[in-house]
Amino acid sequence: MSRRRIFRKQQLKFMVLNLVAFTIIFSIFGIIIFSQVQNTLFSKTDEELIGFKNKMLAENLFWETKPHPPNKEFERNGAPKEKQRPNPRIIVLHWNKDGEIVNQGEIGTLLYENYLLDFKLDEKVLDTITNITINEQYHFRYLLFEDSNDNDDIAYTQLLMNTDAEQTIIHNFGKLIMICSLIFIILSISASYILSKKMMQPIIAAWNKQAEFVENASHELRTPLTVIQNKLELLLRTPQEKIADKFESIALSLSETRRLSKLTSNLLTLARADSAETQLVLESFQFDDFVQKVSEPYIEIAESQDKHFWLSLNSKINIKADKERLHQLLVILLDNALKYTNEHDSIGVKTYIEDQQIVVEVTDTGIGIKEENLQNIFERFYREDKARSRETGGVGLGLSIAQWIVEKHHGTISVLKNQQKGTTFIVKFPK
Ligand code: ADP
């Protein structure tokens, strides 16, 4: 599958994922708001129904409630009673044991014949407020409860309350939520597209970087391998010749083998750095003593190359760091200083404390780095002068490793700008 297709497929996956996430979040929101509105609207109705039921039971009122003020007052115990003003929104139905409405007269013929003729008693929903639609257009909420009194014909009482107004509000609100959802889906499609594109950017960058890394690495590995192969083939073609005569070929093969070994170990370091596999082994040690020790072999090498090496160690502090990695860092900087200086140049290492930071500077008076190339030198496989770098055994990975080591210690590495001659690397670690 081509790289483009893979990216497009991944972006589509991200887009769908974002869209699903947005839809789920919005649906949950919608459901919560909708049910909250519904509950609030019906809570008043339910309160009234329950209140009415409690009043009826408490005052033992039966037969007397109906949508209009009753013309007949009746109380079970037969005592005279003050005229009641029933809730005009509530219709009271009294049922007998056979499931027949016993207070038809009280309800009113018009209401009864038009709406309640086919109305059946449903004992399953006793004491629970239930929704019902009569004649497929009138909405009621009702409360059915048992009448335990044996003195009359009434077995159950049902309180019905018309909720057409509430239903209209809920219906309109539902419509509004649907319209909002539609608008939201359209918006979230575009938002998901933009987001998925943004999410893909670092992936594409990392992929390209990785592909470039593999390409560079295989190129760098192939070059010394080709040299070694050619030299060995040459040796095989002339088996009768003495080793002394083929000294040059053997020496070159050996040097390429060393180069190969260094390259693979550098590649391994970076691969482990990328996978965050490498853990630092932190220990506390005297920084100046450590720098002195690492620099000592370089004093001799510099002398042998007619270069001057100086040390100025003034940090006088203990540092908590990974000794092996710090050693690797100094070796990279010192190796470079040696590689990119000529005879009579000088190389120096300076340590000091500045702004609560431990600073080590590796400076040289060598060939220097062009201002415009400074921003690239920490990139993998970057070499300012490929020919010279190859001559000195460099592949452009040293500074990338140096940067990783410094960052792993929460420090910074930079190059001094506008330097008259040579190069100065400044490494700072937190104290
Ligand atoms: P290399 O193995 O090629 O030295 P590095 O990553 O260590 O790779 O360095 C990257 C490039 O930075 C080098 O190729 C060189 O051009 C430049 N560079 C590094 N150190 C110095 C220095 N002390 N003086 C001049 N140029 C340097």
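The following questions and answers concern a predicted model of one protein chain.

Local features need pLDDT of at least 70 and side-chain atom pairs pLDDT 80 or more, whereas totals for chains, interfaces and linings use all residues. Residues are numbered from 1 along each chain as its sequence is written, and side-chain values use heavy atoms, without hydrogens and water.

Q: What radius of gyration does the protein chain have?
A: The radius is taken over C-alpha atoms, and the globule rule is 2.2 Å times the number of residues to the power 0.38. For a compact globule of 431 residues, a value near 22 Å would result. The C-alpha trace spans about 135 × 60 × 40 Å along its principal axes. The protein chain has a radius of gyration of 45 Å.

Q: Is V16 buried, partly exposed or exposed?
A: V16 is found in helix α1 (residues 3-59); helices are DSSP runs of H or I with at least four residues, and strands are runs of E with at least two, numbered from the N terminus. Buried means under 20% relative accessible area and exposed over 50%, with partly exposed in between (1.4 Å probe, protein chains only). Because its relative accessibility is 46%, V16 counts as partly exposed.

Q: Which elements do the buried residues of α9 pack against?
A: Helix α9 covers residues 398-408, and its buried residues include L399, W404 and V406. Packing rests on contact, meaning heavy atoms within 4.5 Å. The partners of these buried residues are α5 (247-274), α7 (323-339), β10 (412-415) and β11 (423-430).
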